[in-house]
Structures are given as structure tokens and as C-alpha cells.
Amino acid sequence: MTAAEIFGLCGAALVGVGVYGLVIAPEPLRKLLAFNLLGGGIFLLFGAVARRGAGAGLGGDPVPQALVITGLVVAVAATALAVALLLRLFEASGDVSLRNDPPPAPEPES
Amino acid sequence: MSAVEVSTAGGTWLVLAILLPVIAMLLAAAAGGRHVERIALATVPAGLAVAIAIASGVVESGAPLVYVLGGWSPPLGVALRADGLAAAMMLVIAVVVAAVALFARADFHVAAGAPETRAPDAFWILLLSIWSALNAVFVTGDLFTGYVALELLTFGGVPLVCLDGRAETLAAALRYLLFALVGSVFYLVGCALLYGAGGTLDMALLAARLTPSPTVVVAASLMTIGLLAKTALFPLHLWLPPAHAGAPPAASAVLSALVVKGSFFLVVRLWFAVMPAIPGGAAAQLLAALGAGAIVVGNLVALRQERLKLLVAYSTVAQIGYLFLMFPLALDASGRLLSGGALAGGILQAMAHATAKAGMFMAAGLMYAALGHDRITGLRGIARAQPLSVLTFAVGGLALMGLPPSGAYAAKELLLGAASASGQWWWGLVLQAGGVLTAAYLVLVLAHATAAPDAPLAPRQAIARGRELAALFLALTSLLLGLGGWGALLPIPGGSVSPGLSLDGLMKSLWPLLGGGVLALLLGRWDERLPRALAGAGLGALRRAALVGGGALVQLDERLRRWPVAGLSLLLLTILFGAALAAGGSP
Amino acid sequence: MSLLFDIVLSLIVVALAVRVIVAEDGFAAVVSFAAYGLLVALAWVRLYAADVSLTEVAISGGLAGMLLIGAASRLRAIDARAAAQRSGRGVRLFAALLSCGVAGGLGLAVLALPDPAPSLAEAAVANLPPTGVGNPVTAVLMAFRATDTLLETVVVVLALVGVWSLAPDRLWGGRPGAREHADPNGPLAFLARVLPPIGVVVAVYLLWAGASEPGGAFQGGAILAATWLLVIMAGLSDAPATHGHGLRWLLVAGPLLFLAVGFAGIWLADAFLAYPTDWAKALIVAVEVAKLLSVAAALGLLLLGPPRRIDTP
Amino acid sequence: MSLLADLLTIVGVGAGAFFFLAGTVGLLRFPDTLTRLHALTKADNLGLGLIVLGLLPRAGLSGGLKLIVIWALVLLASSSASQLIARVAHRGERER
């Protein structure tokens, strides 16, 4: 067992927790947290891949590490957009449920 | 290690294709006010010229244009590559953007001296960002650059959904954003694994380095499903109908015609350019099966919609299904994907849908603007008040149905050819059925629109002729797309597609209209007169039975679009795809 | 011994993640998430990725944590109602099963990664000299894969346009957030007076050090943004009006300078985003400075949200 | 000399860890917000200070300076934060 494998498996577990939360959590904010957990798990997978590629005097392959930095910034921008949408929806409707839009009113059909 | 890649002549155009809209977007965001629209409109011809330059460059050299960014060749650096597929897509996208921009001027115009307002400012900036993101998706040779471009596309698309700020559209935008984000990170995790397996994210290098292994199988299934979620392939389409139907018409056109094509194109790249060495026979069949489900459910549920824009949105769900029928048809005997007629057919279908659907959404928007509503049963008389809009809808529908010489006709011929060549007659059947189903909603809408009104129709607002012409132009483009030949850009066996312009061909492609008419009678929404007439003809029982079936499909669709169900489908499909890819298999 | 540390750390991280999902109270979930972020940063140190660790702490733990805590406190009122829509036991069990399947597949994929691992570490180090920077991660971000970084700065600007576009029509161009009225003699105001000079120094240091050691414009920008937000929260300064031209040009200055340097590369070094060897470090640092300011402004404004009030004269 | 430095490190870090532990136990066991804060801030600040002290001989001049600055910043942040928390808790108490 190496550190890369341990954190790689930790990343895989986080992905599992994240997708479970995304599917099951009823509150949109919780879904957003789950998305961030999922993202964190994926970045750890990148980290594990980077650590396995250590060489040339570096503790890890710098390319996947740089990709994670890019990914983290994109993820926080996505979170900010989602939070803004969520709060705006709350203001506009007093509710933030993501249930289906109500099915169209049944039309009398003879 | 492979030889160092170098830029080809004309490669700089690829940089411009991505960055011209980016520069315009940044300048527009900073300048604000009236400048936003001006900058956007000035960018349109320039972007169109770039797309033409790239296409002619590809045709002339007969090879992909390549640009090595920063002079750092892959695997360390990133290369842009435009093959014929990318060039063809960029060309069509540029045409659609141009027409949408002309159409949108009326909605998002800022008058001289007027203060800066929200919706126009946002719309033009978002349109430019979507254009840049799509071009980046088409020309990137690198999977991670593809990820950044996909996110750019999502961030451009989501605010378009809720541009009018109503609570329903905000909820639709939030659902879209959350589901699209899941799709993105599924794609991203695949990138991590493929880098771990191949030591690069460059598509061409990965294609040479990847061999079947558990890592590659897991990566491929996660990436594929992530992209399907962003493309809204049935049953992962929960976000599409409310998002596309609630947006302003110009935004709906952009979302439906353009945005979903980005993730679709990355699926094509992934399967044809990155993993051609991975046998994917069973998985390709699964993809096409989902496509077939989309065609049936999407089209039939479209028939049951009360509102025109929702009907068009559901027809997008169905059309997305069409795009995935090509995968099993492109398989060779050993279960590997070949770039040939089926791939050309799939790309042509995407091009045909982009043009036709943008035109149809714009036409639906104009009818909405004139009537103040878009209830299908309330469309009577609109054909007399707004003949051009109804004509646009009809032409777009006929083009999608596959009337020669439309792009959809050419696509269907190519796909049918591939189906019979590979002995997969069942996909041919689905293709033919799709034509009938498309005809059904076309007949339904046209029957309502051309009926005589009970009272003379007084349009609520005058519609500028230019807007109707922009929409009609797109629909006609789709109808005439098959005349282009396309053999220079797309891998078409025998060099070019025949436009199919014979009396016999025309007659053959009108048959679906008849079947579609029957379906529309049985399943569509009509006012009371029709059911009475049907009952008089002794067909009342048949219609009741059809309505029960239709109601069941609507119920099924409603269930599948619930969040937890869609989430479970996503996970289940991921596992199924993994299993199918692990099984490998040939057709 | 260190493996044991890694295993325990991983277990705690996963346990915190589970708590984020299953906690009854939404606020508790967010707080667990913030703690999770800090521990993940520790994991990055263990993976020899100090640059990532800094970014994780500053951006994910700090800024995203703050954003989510703010949202959770505003949504508290409807927490219970949303929680009432919990799925049935069968659905949850099925979802857990499928999630385990996905995680298991991923774990399998990690264990099946090829040995020896393919790596670009050697190529990156071998190509460091012409970039003039000593930190290979910075070289990847600013030279080898500079296009991604450029597009990413555009993504941040676009996200801000998206956030602003959520404002009601009449508030377009107004100021984001509520006007803060903290006690001018309270601890927050005290902190907001003492910390900004230090925050600026740390941000500039991170940027400068980023050329040769861990750090860079994103980490520095996040710290600068946090400092700015602290001053606004303490009521010492108001959030800027979003119609301001100075502000808007500041937001796009980073990506625009990046683009300008990129296009200059076509003439000076034969490729878009190539740097002439003698000037490479100077150009990279110049772009990083502009990016630092733009990123700081954009991240700060992303956290403040859409315009909420308009100045009445 | 190095033996002395090692000894300082062991004693400093060990004592620091003990204070962290004590603070955490206090956080978990004390009955209300204010006493918990009391336990936490006192123990943590002292604990971190001891750890920094223990690490100083190993950090060199510039590293040592950074460590001291970090300690000072944490002191500043945690004391301000606990003030803020205490105010909120106090207000909540009065309103009850």
C-alpha cells in the first residue's frame, strides 16, 4: 500500500459519498455540498495519479497537479453560480425544491 | 515517444476561432451598454470568416489543420486540431449564431441614450461565450481543455435559461446547472484515470497508448455517461424540457441548437478519436438503444404537450436520440469504431438539427409574441396572420423528417446504408419510425395553425419581417443541407451524398407524413370537434386506446424526470456501460 | 507510521464527508464541509502537492466554505420543509448500492493503474529553463498548458456575468450584498483594520514566490479577495457598484493582458502563448500580477452575489 | 547542541499536543458556548505557541520568522473570532 493508493481509494470513496448525496439529498444546498465532495474526490484521484508519477526530483507529476488547481477554481465558480441561483430562487418563490414542475393540468378529453 | 508535432499552415485560424469571441466577450463585458450589442454584431461576420477559412483550409490541404499552442507539443503541451468534422460543425454553428444574432436584435437591442439594461447585456456576452466554447470543443486535441470548454459552455447556457427571471425558469436553470455539473465531474474523473493510464491527455497520443484495461473501461463509462447527462440523452433528459421551453426564443434556439452539440461532439471524439482501439460493440448498442428510447418517448410525449415551445423542446429530446444511432452502425467486424458513412451521417444529422431546430424555436417564439400564448389548440388562424413563421415551422419540420435534399435525408441515407451493410436492420427500422414520429407533431401543429380562426386574429404586436426571415433562412439551410455534398469534409463512402432529388425519392419521403397524420389524429391535442368527428367515424375507441397509451408515456416521462430517479438512472447506466465495455463484443 | 497517518486521515475525511450528507441540520453539514476542506488540504501535503494544498485551503476551504455558510444561514428557514421530502428507504438503499458500485469501480480503476506510472515530470523539468520559472506547476499553468489557464480566467469572468444576470432588472448595475453595519469598535472592525496590510503582503508574496516555489496568482488572488471581503463585512468599505467602468476593466484586465501577451508571442516567439526566452519570466510575472488583481476582484464579487440595491441620490 | 534542540522540540511539541487535546476535551465536555470558547482559545493558542517554539530550532531563520508570524496571525484571528462568537452567544442568552 502506498500513499498514492490510499488517497486514490479515499478519492473513490468520496466520489461514492458525493453521488449518493447528489441523488438522495432533498435540499439543493446539500446537493451542492455533495457536488463539492464529489469534486474533491476527483481531485484526490488526480493527486494520486500525480504522486504515482513522481520523478525527476519532484514529489509528484506537476501536470495533474496544475490541472487540479484549474479544476478547483472552476469548481468554486460553479458553486458561486449555483448559490446565487439558489438564493435568487428562494427570494422569488420562497421555496427551493427541485421537484418536477407540476404536471400539466389534466384537460377534459372526451 | 512520438515525433514532435508542428503547426500546419493556416493553424492560426484555430486560435482565432476560439479567441475571437473571447476577446469580444471580454471587451463587451467591460464596455457595457450599447457597445455590447455592437461588439457582438461586429464579431459575427469575423467569426463566420474564420469558420470559412478553416473549412477551406481543410478542404485544400486534405488533412487536419493543426496548431501547437505555445510551441509546446503534446504530451506536455496542448495542440488544436481541426479535421473535417470539426470544420463542418464550426461552419454550421457560425451560420446559426449569425441568424440568431440577427433575430435577437429586436429583443436585446439597447437604444441610443438608453441606460444599460440587464437582459441585453447578459444575452450578447453569453452568446459570444457559447460560440467560443463550442469552437474550443470542436478543435481541441486535449481532453482537459475540452473540460474547461464544456464548463464555459455550461456557464454560458445556464443564465440564458433564466434570462427573464421568473421563478419557474430559475428552478429550471438550477436543475440544469446541478445536473450539468455532475456530468462535468464525471467527465473529469475519466480524464484523471486516462492520464494515469496513458500519461497524457492528448487525444491522438492516447489513442495510440491506450489498451483495454479496467482503468480505461471505468474511465470511458464515466466520461460517456457524464457527457450524455450534459447532452440530455433519454433517460437523462430531466433538465431539458423546462429549460429550453422557458427561455426567451433566441436563447431557446441557442440552447437547443448549439449547447447540446458541444457535449455530443465530445462523445464522438472520445469514441472515435480516443478509444478506437477499445472494443465497444455492446456499449455502442446500448447507446443506440437509449437513442431509440429517446426517439419514441420524446416524439410521442411531444404530441401530448399543450404548449408549442414544450412540443419543440420534446422534439429536441427525440432528435438527440437520433444522434446516437450512429454508434453501432460505425462498428467493424471486430467491434471497433470506424470513421465512415455512419459517423458522417451522425454529424450531418447534428448539423441538420442545429439549423432546423434553431429556426423552429425562433418561429415558435414569434407565434408566441403575436398571440401572447403558445397553446397548440389556440393556434387557429396564425397561418393567415403570420404565414412566414408557420412556413418556417413547416420547412424545419420537413427538413428534420428527412425530405430530400435536407441534411437529415442525407444523414438517414448514410445511416441506412451503414445499417444494411453491417446487417443491423433493426436500427434501420428505428430510423424509419423516427421519420413517421417527427411527421406526427408537424402535422398536428400545421393542422392547428392553418385552420380557419373562429374570429379574426389580432396580433398583439407587429413582428419585424427580418426576424421571420432569419428563422426561415435557418430552416431552409437545413432543408438544402444535403446539396452540399460534404464529401470534402466528412468521411462519406463514395465521396458525396446524393441529394435524392427525384420524383420517386420525394414521394417515398412523403409517406411518413401519412403515418404521422394518423398518429397526430390519434394522440394529439385537438379541440372538441375532432373527437366528435372520430366518434362519428367509429374510431372513438381507437383514439381512447391511443390516449391511454399516450398518457402512460407522459407518466413514464414525468417519473423519469424526477431528480432521484434521474440520478439513479445516471448511476445505473454508468455501471451498465462499464459492464458492456468490459464485455467488449462485436455487433 | 506515515502510512498509518495517511489511512487515519483518509478515514476521517470520508467520515466527515458522510456527515456532510447525513447530518440532520443543514448548518452542521456546511460546518462539516469546511472541516473536511481543511483535512483534504492536509492530504494534498501528503501527496507532495503544496501548490494544490494552498489552493484548496484558500479557495475551496476558505472562499467556498464562506459562500456555503452564508447560503445555509439564509436558507435555514426552509430547511425542515425540504428535509421532509426525503426519499423512501428503498430508494436510499438502492442509491447506496449503486454509489458503492461506482466507488468500487473507481477503486478498482485506481488499483489497476499501470506500473511504472507514465509521467510528464521529467519532460516538465527538462523544459523548465526556457520558461524562466523554477516551479514546475507554475510552468505548466503559465507555459505548457497556458491555454487552459487563460480559458479558466474567462470562465471566472463568465460565472460572474451569470451571477450578475440573476439580479432583478431594476437593480442591474447596483451594489451586491447588504450594506454592512458592524460595530465600528467591535472585534470585526479591529480585525479589518489590522489584517489588510498583512493580507496584501501575503498575497504578493505568494505570487512572487509562485515563480520558484509553491504559490501563484490564484492562491494570492483568493487571499486578496478574502481580505477585501473582510473589510466589506466589517462595514469599513461598501461593496462597489457593478456598473462601474473601473471595476469592469479591472475584471477583464487579467485575461486581456494574457491574450495580448499570447498574441504578441506569434510575432516574437513564433507561436500563440509562446514567450521569447529572455523575456519569459518577466512576461509571466506581469501576466500573473494582472491575473491576481482580476481573480481577486472576480472571486470577491462572486461571493458577494448579484446586485441587491441601487444607490438613491 | 543538537541534542538540546531535539529535546526542546520533543518537549515543546509534546506539551503543545497535550494542550490541544485538553482544549478539545473541553470543547466536547463543557456545558455552554462561553465555557467551551474559554477552553478552546486558551488551550489552542498556548498549544500552537508551544508547537511553534518546539519547531523553531529546526526551521532556520526565515522559516522561524514565518512560524512566529503564523502563530501571531492565528492568535489575532482566533481571539477576534471568539469575541464575535461570544457576542452572538451573549445576545442569544439575553433574548431567551
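This is a predicted model: local features need pLDDT of at least 70, side-chain atom pairs count only at pLDDT 80 or more; totals for chains, interfaces and linings use all residues.

Residues are numbered from 1 along each chain as its sequence is written, chains are lettered from A and ligands numbered from 1 in the order in which they are written, and side-chain values use heavy atoms, leaving out hydrogens and water.

**Where chain A meets chain C**

- On the chain A side, helix H1 (3–24), helix H2 (28–52) and helix H3 (62–93) each give two or more residues to the contact with chain C; helices (H or I, at least four residues) and strands (E, at least two) are DSSP runs, numbered from the N terminus.
- H3(A) gives the most to this side, with 24 residues.
- By class, the residues of chain A that touch chain C are 49 nonpolar, 17 polar and 10 charged; Ala, Val, Leu, Ile, Met, Phe, Trp, Tyr, Cys and Pro count as nonpolar, Asp, Glu, Lys and Arg as charged, and the others, Gly among them, as polar.
- In total, 76 residues from chain A and 90 residues from chain C take part in the contact, where contact means heavy atoms within 4.5 Å.
- About 7,000 Å² is buried between chain A and chain C, 78% of it on carbon and sulfur atoms; buried area is the accessible area (1.4 Å probe) that two parts lose on being put together, summed over both.
- Three salt bridges are found across this interface, a salt bridge being a side-chain nitrogen of Lys or Arg within 4 Å of a carboxyl oxygen of Asp or Glu.
- Arg74(C) and Glu91(A) form a salt bridge through their side chains, at 3.4 Å from N to O.

**Where chain C meets chain B**

- Here 56 residues of chain C touch 59 residues of chain B.
- The two chains bury about 5,000 Å², and carbon and sulfur atoms give 78% of that area.
- Chain C and chain B share three salt bridges.
- Arg118(B) pairs with Asp169(C) in a salt bridge of 2.8 Å, N to O.
- There are 10 residue pairs in polar contact between chain C and chain B, both residues at pLDDT 80 or more.
- Among the elements of chain C that give two or more residues to this contact are helix H5 (89–111), helix H9 (146–164) and helix H12 (245–268).
- H9(C) provides the largest share of this side, 12 residues.
- The side of chain C that touches chain B has 41 nonpolar, 10 polar and five charged residues.

**The chains themselves**

- Chain A has three helices and zero strands, in the pattern α-α-α along the sequence.
- Of the 110 residues of chain A, 74% are buried, that is, under 20% relative accessible area (1.4 Å probe, protein chains only).
- Chain C has 13 helices and two strands, and 58% of its 313 residues are buried.
- The C-alpha atoms of chain C fill a box of roughly 65 × 65 × 35 Å along the principal axes.

Technical notes. Buried means under 20% relative accessible area, exposed over 50%, partly exposed in between (1.4 Å probe, protein chains only). A polar contact is a pair of N or O atoms within 3.5 Å; within protein, one must be able to donate a hydrogen and the other to accept it, and residues adjacent in sequence count only if both atoms are side-chain atoms.
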